[in-house]
Amino acid sequence: MREIQLPRRALLLSSVGLAAGALAGCAASPEVDLDVAPTPTFGPGPGATPEVDATPPLEPEPEPLVPEAPVLPDVEAVIAAHEGRTPQHWGVDIPGVVRTGVDAGSADPGRVFLTLDACGGPGGSGFDERLIAGLQAAAVPATLFLNLRWIEANPGLAAMLAADPLFELGNHGSAHVPLSVIGQQAYGIPGTASVRDAAMEVWANHVALTELTGVRPRWFRPGTAHLDDVGLSIAEALGERVLGFSVNGDGGATFSAATVAAEVGVAGPGAVVIGHMNQPGSGTADGVLAAVGALRARGLEFGLL
Ligand SMILES: [Zn+2]
């Protein structure tokens, strides 16, 4: 597969430190390069007449300290490889959807994995500050699934979340529609209707998130969580596994706080809990934060997939 480089803008975003937290684990980060840069004491000073056998071997000048942009897959090649395929499965839990820490191959699969969607669009671009601040105060990690429309409505918040190593940013699609190649609907929302449209539903936000964080997103969750198997294969070919859930924590941000606390509170080891971080008027913040305390009291801890 051919590979392409991320546009120059990504380099600029990375170099101004927007993604400092996310870059901390990146082997190509400037911090790592600085550690191995030759020091001024390496080699003879001006006018020195060193012993012949004390002269260190000549080494090439170090490269300038510019962060390396992630190499992106070739979306056109992915589209070409999927054209003509007929979907066999449709829904929220088709083969290949990851629903537990064991499915994910997590290094610590017995934790509870909290995932929070930010769906964007009309009525969907809010920010539940109490929920996110509460998770930060309690040091609860979470995977935050940001839709491209939410990122575009909240660029400062998106940068703040990207810079916090407590959170991993996942891809919640570009237009927040079901990931279909034949226009399948969910909740009356028509899905993408071709291989190209499905690929672009993943791809546009894949590029945006890579620019935002400096690393490529690893997880995809379609708008409405519905997809077909060709869409799943497209997402995986673009480098994103599809994350479902095993515990529906807030019923699409419709549950009361007491119901959210009860639903999230039943999570066991390895559960993937879904909730929403874009509806500050919902019961999600109070319910999730109450459940965090209850789960910890049962000896459970939270982790990233
Ligand atoms: Zn959503």
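A crossover is called right-handed if, with the strands pointing away from the viewer, the path from the first strand over the helix to the second runs clockwise. In this sense strand 4 (residues 113-118), helix 6 (residues 129-137) and strand 5 (residues 142-146) make a right-handed β-α-β unit, where helices (H or I, at least four residues) and strands (E, at least two) are DSSP runs numbered from the N terminus. The model is a predicted one, in which local features need pLDDT of at least 70 and side-chain atom pairs count only at pLDDT 80 or more, whereas totals for chains, interfaces and linings use all residues. Residues are numbered from 1 along each chain as its sequence is written.

The protein chain contains twelve helices and 13 strands. Of its 305 residues, 43% count as buried, a residue being buried if 20 or more other C-beta atoms lie within 10 Å of its own, exposed if 12 or fewer do, and partly exposed in between, with C-beta atoms placed from the backbone. Two residues are taken to be in contact if their C-beta atoms, placed from the backbone, lie within 7 Å; among the contacts between residues at least 6 apart in sequence, 80% join residues at least 24 apart.

Strand 4 is largely enclosed by the rest of the structure, because six of its six residues are buried. Both of its faces are covered, with Phe 113, Thr 115 and Asp 117 buried on one side and Leu 114, Leu 116 and Ala 118 buried on the other. Strands are regarded as paired if DSSP finds at least two bridges between them. By this criterion strand 4 runs parallel to strand 13 (residues 272-276), to which five bridges join it, and Leu 114 stands opposite Val 273 of strand 13. Strand 4 also pairs in the parallel sense with strand 5, over four bridges, and here Asp 117 has Phe 145 as its bridge partner.

Strand 5 is itself mostly covered, five of its five residues being buried. Ala 142, Leu 144 and Leu 146 point one way from strand 5, while Thr 143 and Phe 145 point the other way, and all are buried. Five bridges join strand 5 to strand 6, and these two strands run parallel; Ala 142 has Phe 167 of strand 6 as its bridge partner.

Two packed helices are described by the angle between their axes and the distance between the axes. Axes are lines fitted to C-alpha atoms, for helices over the stretch in contact, and angles run from 0 to 180 degrees between N-to-C directions. The axes of helix 11 (residues 257-265) and helix 12 (residues 284-297) come within 7 Å and cross at roughly 35°. This crossing of helix 11 and helix 12 is right-handed, a crossing being left-handed if the near helix is turned anticlockwise from the far one by less than a right angle, and right-handed if clockwise. Helix 11 contributes residues including Ala 257, Val 260 and Val 264 to the contact, and helix 12 contributes residues including Val 288, Ala 291 and Leu 295. The residues of this contact divide into ten nonpolar, four polar and one charged, where Ala, Val, Leu, Ile, Met, Phe, Trp, Tyr, Cys and Pro count as nonpolar, Asp, Glu, Lys and Arg as charged, and the others, Gly among them, as polar.

Helix 4 (residues 75-82) and helix 9 (residues 195-213) pack at an angle of about 145°, with their axes 9 Å apart, and their crossing is right-handed. The contact is formed by Val 75, Val 78, Ile 79 and His 82 of helix 4 together with Val 195, Arg 196, Ala 199 and Trp 203 of helix 9; these residues comprise six nonpolar, one polar and one charged.

Positive phi values occur at two loop positions described here. His 176, which is not a glycine, has a positive phi of about 60° and lies in the loop between strand 6 (167-171) and strand 7 (185-186); His 176 is buried, with 22 other C-beta atoms within 10 Å. Ala 253, likewise a residue other than glycine, has a positive phi near 65° and is placed in the loop between strand 12 (247-248) and helix 11, where Ala 253 counts as buried with 22 C-beta neighbours inside 10 Å. Thr 254 is also in the loop between strand 12 and helix 11, but is partly exposed, with 13 other C-beta atoms within 10 Å. Thr 254 and Thr 284 are 30 residues apart in sequence and lie 8.4 Å apart in space, C-alpha to C-alpha.
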